[in-house]
Every structure is written in C-alpha cells, then in structure tokens.
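Here are my notes, as numbered points, to be read beside the sequence and the model.

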Amino acid sequence: MNIPDNLRYTKDHEWLQLLDDGVTAVVGITDFAQSELGDIVFVETKAVGTKVAAHGAFGTVEAVKTVADLFAPVAGEIVEVNGALDDAAVVNSDPYGEGWIVKMKLDNAADVESLLSPADYSALIGE
Amino acid sequence: MKKTALSAWHEAAGAKMIDFGGFLMPVQYTGIIAEHKAVREAAGLFDVSHMGNFYVSGERALEFLQYMTTNDLGKVVDGQAQYTLMLYPDGGIVDDLIIYRVSADTFFLIVNASNCEKDFDWLSSHVGEFEGVSLENHTSELSLVALQGPKAMEILVRVFPGAGIEQLGSFHFMKLPFEGAQIMVARTGYTGEAGVEICLPNDKAVALWSALMEAGKSDGIQPIGLGARDTLRLEMGYSLYGHEIEKDVNPLEARLKWVVKMSKPNFIGKQACEQVEIDPRKSVVGFSLEGRAIPRQHFKVYNSDHQEIGEVCSGTVSPTLLEPIGTASLLLDYAQSGTPIFVEIRGTMQPGAVRRLPFVHTDRP
C-alpha cells in the first residue's frame, strides 16, 4: 500500500499535506481507503467557506458498494474543492495526487503535529 | 469461515475476500464496474459454490415439493428447472430457489447460501408428512460456477465441443462428462445475459474454472466477484433475499405473483396469499434518481407532499446507465412507472421516479 513519506495521516484513513504557506493544507483519502471502498463514483463535500471542527464530517465518498464519511483531520475552513472530482474515479487511480479532495485553511497549523506519521499510519493498517 | 474449492484461486488472483453466508467469497477482483462491464460486453465467470444444494427424492417427492413451494412444479419435465419460492404459513418468504427435475422422483434444489440451514430445517420439518421422501444436503460436496455474458455460450462450446449445449433452452439442463465426473450444466443465471450455471463435484471445480478462463481468454473473460453479481442482478430487477424479499414480505407485494400459482390445490402460505391478492397494500418497484448520490437499503422514500411512502430495498449506481438506480417497496398508489418520488439521502431529498424493470435490456437468446 502506498503511504507517501511527506504526508500526515488520520485513523479515519485521510491524509493531509501542509502547503508552503504554512496555513493551508490539502486533504484526501489514503490508498488503503480507496482500495477498501472500491470503485468510487461520487464525492460530495461541504461548500467552500464552511468551517469544520477537527474530526467533524465535511463530506461523503460514495463507492458502488458502500458510502464513507469524510472527517476533517484538524479544524479549519474549506477554501477549495477539487473540481476534478466530477470524475470521482480519480480518487481510486490517484488518491494522493489528482484525487485530492479539499484544501483547508487551518485554524492552527500546529494541530498538524497531532496527526499520524507515515510510520504510525503504516502500523495502523497493519503493513 | 468455510471456503469453496476455488477460494485459493481467488486469493491468488488478488481478489478482495469477504464473509458471505459463512463463506470466504471474492467481492471483487479488479473492480465492480470493470467486472460488471465484462459480463455485459464479453463474459464473466462466477464462483457461487456457497449456495446450498439439496436432493429431494422418493415417489412422493413431487407432491412434497408442490406443497412446499409456490410455483407449479407439475409443469416441469425431466431436464427442466423452475424458479420458485417457499413461504411460511403467513405468506412471508422462507427463500427463493431453483428446482431442477432430474427424474420423476428426483429433484435437485439450489437455495441461497445465507438461508441454506434454515431452508434445510424448514424442508426437514415437513418431509415426515410425505412418507418415503428423502431430503439430503449436498452443499459441502458440490461447487457451482456461473458463466455469463454474450460470449458465454461460445466459450462453453469450446470446452465441451459437440455436446449440443447451444441447443439447450432457457431453464433446461443437461448432464455432461468432465474429467471422469458427471457435471450438470443449466441454462440459468442471475445477470440477464446468456450463459449457464454449472454444478460439479468440488474436486473438479478448479479444473473446470481454469478450462473456462483459458477458453475465454481471447474474448476477454474475467472472474467476477459478488459486488458485480449484485449490480448485474439489480439492473435486471431480480430479487435478492434480504432485500426485495424477506420473511415478512408477501410475494404478491414483491413483483413475484408470476411464481405463485393460486390454481394449485394447496401449498404452504396459499391462504395468506389469497388475502393479499384481494387487498395488496404495496409493491416492489424500480426507480432511478437524479444527481449522483446512491440510494441504499432502508433509506426512506417520500411522495411530492413529503409523506413517507416506503423504503429502498436495494440501490446502486448502474454501471451500464451511469445513474443511481434501485428497488423500493412502496404503497401501491405510487407503484406506477413515472410516479415522482424522493429518496432521503443524508438529510437531502433526492428527486427521482418509479421506473419500469428491468433497467437494462439484454439480448439474451
């Protein structure tokens, strides 16, 4: 399972990458999550401008077989939703790249330190 | 968890395995959508060995099964099969099943995996009333493989040349020799496509599976998991126990009147069906939704006045039509195709309409 070194992770199988500006982060679901869900057909998120608490639900991922909630890894405001998700299969094919889900402006960038490291996440999914 | 004779093959092929009806079964190999399309466009091979297999035999076997099931088994000849139901006295459904008439006094039954024990117990509890009838459970000895798709028959004929399989009519079956064993090939299936279901001894399952995969290679045959099996059956509007049909669902309220033969002198559940026939309250219908959110089982269905009118039985996104589809049990007033409905999905009312089943028309010969 692909677990890039430069990202942080949650036990809900999401990843977060803090961008160079130090306040904005990209959020998506992990390779493990897309693999478990199977064919993803629809991603729905709250609108740009919505404030979400840490662990707050900000959307859903619909796969053919099941549906999963998306939880904010840390608190912040949704500032962008990935337009490429009109074709949601991109989350299966490229979960860490073209298949990113939202960008968030973080309330407190230091919150990122509370997230799982790649090694911790790897252990979580039993790899 | 029980394994089928093909479990090791599935795991080696990289299938995602799940527990289904107490068996370790492949839910998908490459992906539900790709597998679904392979069956609609070429051919797919399914391991459905988890399903239950019973033999019922004896001079009064036909009489026993006529009493236990709703369809008229008296019309079925040797080498023919029939889709039918077993009911409780209150008209609720024990299971749906296929009965194969091997001879005048021997019948073969294929039942749902998740109901196998319950069905066997149900049949056992009544078989004593029919002297000389024996009931045997052969589930653990037999494998069941389904080959389905527009290329299915061509592929099958390559493995069994000259056997005359292509002349076999729908819901007919024949016995064939395969590697020293006798196997049963039936023109039945659960996808709406042409094809067969093949019942054979466990120790021949891998050999047959491999032979069919090899023979179908040039046509793009794919192994198909339970995920695509479900989307394929739902596009055709076929019932699945635990969804459209249940112990508290009467078949006359589940689009299954065609398998309930009220003209038969007697069968378990007949009186209850007579009551429902006079005054049916609801019906299982097909529907599609706008947007892309997928309706799931038990989601509530509403009319234009926001009154609850029923609930979803099964839902998916149709890999063929690329829209959310499903079946729902609705109050009879709303069963007409074209009726506008709303399905509540995570707090949002998704608009849609009742649709005629099947959703997809195949050219099954």
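**Notes on chains A and B**

1. In chain B, α5(B) passes α6(B) in a right-handed crossing, where right-handed means that the near helix is turned clockwise from the far one by less than a right angle. This is a predicted model, in which local features need pLDDT of at least 70, side-chain atom pairs count only at pLDDT 80 or more, and totals for chains, interfaces and linings use all residues. Residues are numbered from 1 along each chain as its sequence is written, chains are lettered from A and ligands numbered from 1 in the order in which they are written, and side-chain values use heavy atoms, without hydrogens and water.

2. The contact (heavy atoms within 4.5 Å) involves B:Ile155, B:Leu156, B:Arg158 and B:Val159 on α5(B), which meet B:Ala211, B:Leu212 and B:Ala215 on α6(B). By class, six of these residues are nonpolar, none is polar and one is charged, with Ala, Val, Leu and Ile among those counted as nonpolar and Arg among the charged.

3. The axes of α5 (residues 152–159) and α6 (residues 205–215) of chain B come within 9 Å and cross at roughly 120°; axes are lines fitted to C-alpha atoms over the stretch in contact, with angles from 0 to 180 degrees between N-to-C directions. Helices (H or I, at least four residues) and strands (E, at least two) are DSSP runs, numbered from the N terminus.

4. In chain A, six strands form an open antiparallel sheet in the order β1-β2-β3-β9-β8-β5, pairing being counted where DSSP finds at least two bridges between two strands. Its edge strands are β1 (8–9) and β5 (51–52) of chain A.

5. Two bridges join β1(A) to the antiparallel strand β2 (residues 14–18) of chain A, and A:Arg8 stands opposite A:Leu16 in β2(A).
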